[in-house]
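Please open the structure in the viewer and keep the selection panel at hand. The stops below proceed from model confidence to individual side chains.

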Amino acid sequence: MNKALIAALLLGPAAAPLPAQAQVNDRILTIFGEDRCPADTICVRAPESERYRIPKNLREAPSIAPQNQSWAQRSQGVTSVGKTGIDSCSAVGSGGWTGCWTQQMRAARAERKQAATDNAPDLDN
């Protein structure tokens, strides 16, 4: 066994640097097209068409399993079950569109309120 590894095990994690194998991930870089790879770096080449795209693992929002959803979200779903007609936001019954319009207006109002608070100057400083 390596003397540095034995010392790290005896002295604890704060006393010794990480082994070289753990530091390899810090030197991996994705380059696009015909870009040059910097020295002392492991490069993964990707096509030029992927340069300004969101990475595949971040493109889709992960779905939340029902058992992991918050109680508040589950209860919201229950309030609209079986509701048809006026203010229902459903294709069933006359006036179902009015509920959809109401939901859109509430969402727009919330967005406008959030934008106003985000753009407000910080007067505490």
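Begin by colouring the protein chain by pLDDT, the predictor's confidence in each residue, from 0 to 100. Confidence is lowest in helix 1 (residues 3-11), with a mean of 58, and highest in strand 2, with 91; helices (H or I, at least four residues) and strands (E, at least two) are DSSP runs, numbered from the N terminus. Residues are numbered from 1 along each chain as its sequence is written. This is a predicted model, in which local features need pLDDT of at least 70, side-chain atom pairs count only at pLDDT 80 or more, and totals for chains, interfaces and linings use all residues, while side-chain values use heavy atoms, leaving out hydrogens and water. The chain averages a pLDDT of 75, and 68% of the residues score at least 70.

Next, select residues 15-22. Here pLDDT stays under 50, and the model has 2 contacts beyond four places in sequence for this stretch (contact: heavy atoms within 4.5 Å). Where pLDDT is low, the predicted coordinates should not be read in detail.

Now select C37 and C43. These residues are joined by a disulfide with an S to S distance of 1.8 Å (a pair of cysteine sulfur atoms within 2.5 Å). The structure holds 1 disulfide, and the link of C37 and C43 is right-handed, with 85° about the S-S bond. C37 is partly exposed at 34% relative accessible area, and C43 is partly exposed at 25% (buried is under 20%, exposed over 50%, partly exposed in between; 1.4 Å probe, protein chains only).

Finally, select I42, which lies in strand 2 (residues 42-46). I42 is partly exposed, at 39% relative accessibility.
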